[in-house]
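Please take a guided tour of the structure below, one selection at a time. Keep the viewer open and follow the stops in order.

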Amino acid sequence: MLEIENLEVSYGSIKALHGVSLKVPQGSIVTLIGANGAGKSTTLRAISGLIKSRSGKVKYDGEDITNLPAHKIVAKGLCHVPEGRMVFANLTVEENLRMGAYLRNDKAGVAEDLEFSFQMFPRLKERIYQAAGTMSGGEQQMLAIARAIMSKPRCLMLDEPSLGIAPMLVRSIFEQIVAINKERGITILLVEQNANLALAISKHGYVLETGNVLLEDTSEALRKNPQVREAYLGG
Amino acid sequence: MSQFIQQLLNGLFLGSIYALIALGYTMVYGVLRFINFAHGDVFMLGAFTGLYLNKLMGPILAALPWPVAILIVLVLSMAICAALGILIEWLAYRPLRDKPRLNVLITAIGVSLLIEYTGQLVFGATQQPFPAIIPKVNVGGLGGLTVTMTQVIVSVTAVALMIGLRFIVMKTKMGMAMRALSLNPTASSLMGVNNSVVISFTFGLGSALAAAGGILYASLYPSIEPFMGILPGLKAFVAAVLGGIGNIPGAALGGLIIGVTETLVAGYSDVLGIPSGYRDGVAFVILILILLFKPSGLLGKVEREKV
């Protein structure tokens, strides 16, 4: 569904990605793991059009979407939940969710998905009229994911959904990520530092190091790989 | 006492015009984080558009009842100036979108000078009388107060426009996109918002309000010239800072406060021992005080965000 070929990105004179290639098949959860600064977020940002790539191709549904502006890529059903969540701090939870549905005009469908968001994360319903910026990190992450779902994506890219969140909430967020994939059939590209968790819910994984794909394999095999175990899974 | 109320009213009428201009400063700051110093000149263009519309459509307007005539002039000149505002952003500011903010600020000063001197070339440098579309009648005889029809129209129009603006910003999709963009442009583009369109819309909206302010101001003080936008523009900028830059209700409140303070200082100059010529300095004293004691403005919040 999502195919990246030889993606190269530079920040000024510093090369951040040296030709990354990866494939995300329809209906799967694929994870991208690696240390800080390996280029995980950069990869997602280049795919979703937040930064321009120097060379390489991004194909979505067979269509070349390389370097399209971000708002056009969302319109194609590829949604990016950025690192740091980026909820609209002064807008209420409901307004945030409605922003997620910005491109949609089907009122009934939007109302239905709003209900679905609240089923997925009941906490959001409790805080429906609260300004998003006043919620805890975990709640903001829930909101960021639900907001992305409101755009009715076919493919979702999640950047570090576990970062800085209480362990109890991480578990419930990851359960929902699996549910989104299974029940709604949304393809997921997951970027995580918590490799254990990411490899546990994904089918396939890529290991990124300093802007290159170091390894790629099934998640099962990566979990057993001694190199991965030592570097990313804590031995 | 009645003199005080009279001054207070005069201040509110003037302040409601400052408020209209201040709204444009604050909205543009909200989406682009820079002060559009050419905004006061759009206010001037609004007044001149009104003047020229009157010259062009004089006989037609004269045949209509005056409330319809003023409405037509107001709406047309708002529309024309909205288009001009969008054009200014597109030509001058959009190419600098990814450049340091200082570059944009300096460009804004350049645009301001360009409009003023082009205005001088096209409209002429002398003062021109603004046609009295609103009849010169006194409607408020109560307790010795003087309220003219013009003042009534000014305040009613200003309030109506502010209510309309609040509706657009709080209740429409475009308004929500404006607020989202001002909070986080990256996230709004990830929601599918075309930020450039929202920025254009914001410029259009702000310029329309400035144009309305120009027409209303010219109705109160019916003598216009190409540099008439400088002082009201600067005062409205102070009003926006006073209310908390980026905060829409704050800009409206700031405008009213500046208008009232200025009028009271001028009206009680003998009591205060300040010559009434200092009225224009009042806004800037307020600016210095607000920057010293509450730089975030009256309604501006120091934003704390959890990460």
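Is the crossing of helix 1 of chain B and helix 8 of chain B left-handed or right-handed? The crossing of these two helices is left-handed. Bear in mind throughout that this is a predicted model.

To see the pair, select residues 2-32 of chain B for helix 1 and residues 195-220 of chain B for helix 8. Their axes lie 9 Å apart and the helices pack at an angle of about 165°. That angle makes helix 1 of chain B roughly antiparallel to helix 8 of chain B, because angles over 145 degrees count as such. Colour the contact between the two helices by residue class: 19 residues are nonpolar, five are polar and none is charged.

Next, show both chains and select the contact between them, which takes 24 residues from chain A and 18 residues from chain B. On the chain B side, the elements that give two or more residues are helix 6 (173-183) and helix 7 (185-190). Helix 6 of chain B supplies the largest share of that side, five residues. By class, the chain B side divides into nine nonpolar, five polar and four charged residues.

Now move to chain A and select residues 137-149, which form helix 6. This helix has 13 residues and reaches 18 Å from its first C-alpha to its last, close to the 18 Å expected. Twelve of the 13 residues are buried, so helix 6 of chain A is largely enclosed by the rest of the structure. The buried residues include Glu139(A), Met142(A) and Arg147(A).

Definitions and conventions:
Residues are numbered from 1 along each chain as its sequence is written. Chains are lettered from A and ligands numbered from 1 in the order in which they are written. This is a predicted model: local features need pLDDT of at least 70, side-chain atom pairs count only at pLDDT 80 or more; totals for chains, interfaces and linings use all residues. Two residues are in contact if their C-beta atoms, placed from the backbone, lie within 7 Å. Helices (H or I, at least four residues) and strands (E, at least two) are DSSP runs, numbered from the N terminus. Ala, Val, Leu, Ile, Met, Phe, Trp, Tyr, Cys and Pro count as nonpolar, Asp, Glu, Lys and Arg as charged, and the others, Gly among them, as polar. Axes are lines fitted to C-alpha atoms, for helices over the stretch in contact, and angles run from 0 to 180 degrees between N-to-C directions. Angles under 35 degrees count as roughly parallel, over 145 as roughly antiparallel, 65 to 115 as roughly perpendicular and the rest as oblique. A crossing is left-handed if the near helix is turned anticlockwise from the far one by less than a right angle, and right-handed if clockwise. The expected span of a helix is 1.5 Å times one less than its number of residues. A residue is buried if 20 or more other C-beta atoms lie within 10 Å of its own, exposed if 12 or fewer, and partly exposed in between; C-beta atoms are placed from the backbone.
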